[in-house]
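This report looks at a ligand site, the pocket around it and some points of backbone geometry. Please keep the structure in view while reading.

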Amino acid sequence: MARVSFPEGFQWGTATASYQIEGGVREDGRGESIWDRFSHTPGNVLGGDNGDVACDSYHRLAEDVALLRELRCTSYRFSIAWPRIQPEGKGPILEAGIDYYRRLVDALLACGIRPFPTLYHWDLPQRLEDDGGWPERDTAGRFADYAGAVVGALGDRVADWMIFNEPSVFTSLGYALGVHAPGRRDVDAFLRATHVVNLAQGEACRAMRSEHSGLRIGTAFNTSACEPGGDDEADAAAAERWHALTNVWFVEPALLGRYPDAFVTGLPADRMGIRDGDLERTRADLDFLGINLYNRTLLRHQGEDPNGLHVLPVGPSGGDEGEKTDFGWEVWPNALRDILLRFTRDYDTPVLEVTENGCAYGDGPDERGHVADTRRIRFYEGYLAAVAEAIAAGADVRGYHAWSLLDNFEWAEGFSQRFGLVHVDFATGARTVKASGRWYAQVATENGFEASLERD
Ligand code: FCB
C-alpha cells in the first residue's frame with residue numbers, strides 16, 4: 001500500500017452554503033431570495049422541498065462548529081446570505097444578519113479553524129431579480145457595494161474570501177436552462193448575466209481591497225475535465241470550446257482582461273452587452289483560484305447551432321460502464337488531477353484551493369446508529385490521491401474542501417441527494433458523523449493516508 005501525503009500546512013476543510021443549510025429564512029429581518037421564491041413555486045424542486053428549515057444551522061451554530069472540530073477540520077468554507085445582510089439587495093446593512101456570521105467566525109477562530117466565506121452562493125435578493133437580476137448591469141454595482149460592506153464588517157477577523165460560487169452554473173442553470181432560480185429560459189439573458197457577473201467580480205474585488213489590505217481573494221469556479229467524446233479533430237476542438245465556456249469564462253476576464261474563445265462565430269459581444277472599457281473593469285487580481293470539481297464531460301462537435309457554439313455534451317451520463325454515485329455522476333478522479341494541472345499550466349502556477357469535491361450516496365444509520373458509507377471513503381481516497389499527484393507534478397494546491405459537512409438541500413433535487421460527511425435526519429435535525437467523517441478526521445490529523453486503491 002502506498003502512502004498518500006500532503007505538504008505541511010495543507011488545509012483540510014469542508015464546504016457548505018447558506019441556503020442549503022441555514023433555514024431560519026424569516027428570521028432577524030432576512031429578505032426573500034430567488035431560491036425562496038423558486039423553491040416555493042410548485043414543480044421546481046423534487047418533492048416540493050425548500051430551504052425553510054434545511055439543516056437548521058441558523059440555530060445550531062455551536063453544534064456545527066463542534067462537528068468541524070470532531071472532523072479535525074482546519075478550514076470551513078461557508079457562504080453569506082446576501083438577503084440577511086441587505087434584505088432588498090441595497091441600502092444599509094442589517095446588524096442582526098452580520099451578527100450571525102460574526103458569531104460563526106468567532107466560534108471558528110476560537111478553535112483554530114480558518115473561516116473561509118463565499119460572498120455569493122446563489123441566494124440573490126428577490127428584489128434585485130425583480131429589477132432585472134444578473135442580466136441587468138446595475139446588479140454589478142449592487143453586488144460590489146454588498147461585498148465592500150461585508151468586508152467592512154468582518155474583514156478585521158476574516159482574511160480569506162471567495163467572491164462567487166460557480167458563476168457559470170448559476171448563470172446557465174438559472175437564466176438559460178431555467179432549472180435553478182430564478183428559472184428563466186432565455187439565452188440572451190444568460191449571455192448578459194455572464195458579462196455582468198464578470199463585471200461584478202472585478203468591481204467587488206476592488207471594493208473589498210479598499211476596505212481592508214492584506215486580504216486573500218478568490219472565486220470558487222466550477223470545473224469539469226472536458227474531453228473529446230469522439231475521434232474526430234472537430235470533437236477535440238468542441239471540447240476546448242466547452243472548457244472555455246464552462247471552466248474559464250469567469251477566470252480569463254479577471255486574470256487576463258479577455259474572454260476565451262468559446263464560439264465558432266466569435267464573441268457575441270453585442271448580445272452580451274459588452275461596452276468599451278468593460279474588459280478593464282472585469283479584471284480582478286485574484287490571489288487564488290478555487291476549484292470545484294465533481295467529474296468530467298465528454299463533448300462532440302455539433303453541426304447545427306444557432307448560438308454558434310456547436311458543442312454537444314455526450315457523456316458520461318447514460319449507458320456508460322463506469323462507476324457512478326447515487327446522483328448518477330461518474331466517479332473519475334483523474335479529472336481533478338487534470339484540471340489542477342491544466343490551471344497550473346495555463347495561468348502560470350496560480351495558488352489553487354480545492355473548494356468543493358464530493359459525492360452523493362444515500363447511506364443512512366443502521367440499527368446501531370452507524371452510517372457505513374464505505375463508497376464515500378473510496379471516492380475520497382481516489383480524488384485525494386489525484387490531488388496529491390497534481391501537487392507532485394507542480395500544482396500549488398493549498399487546501400481541500402469536501403462537499404459537504406452535512407447532508408443538505410441539494411437545489412432542484414431537494415433533500416434527495418446526500419453529500420455529507422455527517423448524516424442529517426431532516427425530520428429532527430439530528431446529526432450523525434458517518435464512517436467517512438471519521439476517516440476524513442484521521443486523514444486531516446495525519447495529513448495523509450494509506451491508499452487501499454490502485455491508481456491508473
Ligand atoms: C455544486 C454546488 C454546491 C452543491 C454541489 C453538489 O455545484 O456549488 O452548492 O450543490 O454542487
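Which helices and strands each supply at least two residues of the lining of the largest pocket? In this predicted model, they are the helices α8 (167-176), α9 (187-211) and α10 (233-247), together with the strands β6 (216-228), β7 (288-301) and β8 (311-315).

## The largest pocket

Of these elements, β7 gives the largest share of the lining of the largest pocket, namely six residues. The lining as a whole comprises 50 residues, and those that lie nearest the centre of the pocket are Val169, Ser172, Leu173, Leu177 and Trp242. Sorted by residue class, the lining of the largest pocket divides into 24 nonpolar, 19 polar and seven charged residues.

The space within the largest pocket comes to about 1500 Å³, and this pocket is the space taken by the ligand.

## The ligand and its shell

Around the ligand stand Gln20, His121, Trp122, Asn165, Glu166, Tyr294, Glu356, Trp403, Glu410, Trp411 and Phe419. The residues of this shell divide into five nonpolar, three polar and three charged.

## Backbone geometry

Most residues other than glycine have a negative phi, and most peptide bonds are trans. Against that background, the peptide bond from Ala181 to Pro182 is cis, with omega near 5°, and Pro182 is placed in the loop between α8 and α9, two helices that each supply at least two residues to the lining of the largest pocket.

A cis peptide bond also runs from Trp403 to Ser404, with omega near 15°. Trp403 is one of the residues that surround the ligand, while Ser404 belongs to the loop between β10 (396-403) and β11 (422-424).

Ala54, a residue other than glycine, has a positive phi, near 45°. The loop that holds Ala54 runs between α2 (34-39) and α3 (61-70).

Conventions: Residues numbered from 1 in each chain as written. Predicted model: local features only at pLDDT ≥ 70, side-chain atom pairs only at ≥ 80, totals over all residues. Heavy atoms only, no water. Near = heavy atom within 4 Å. 1 Å grid on protein atoms, 1.4 Å probe; cavity = no way out; pocket = protein on both sides within 12 Å on 5 of 7 lines; lining within 4 Å. Sits in = over half its atoms within 2 Å of the grid points. Nonpolar A, V, L, I, M, F, W, Y, C, P; charged D, E, K, R; others polar. Points joined across faces, edges and corners; volume = space filled by probe spheres on them. Helix = DSSP H or I, 4+ residues; strand = E, 2+ residues; numbered from the N terminus.
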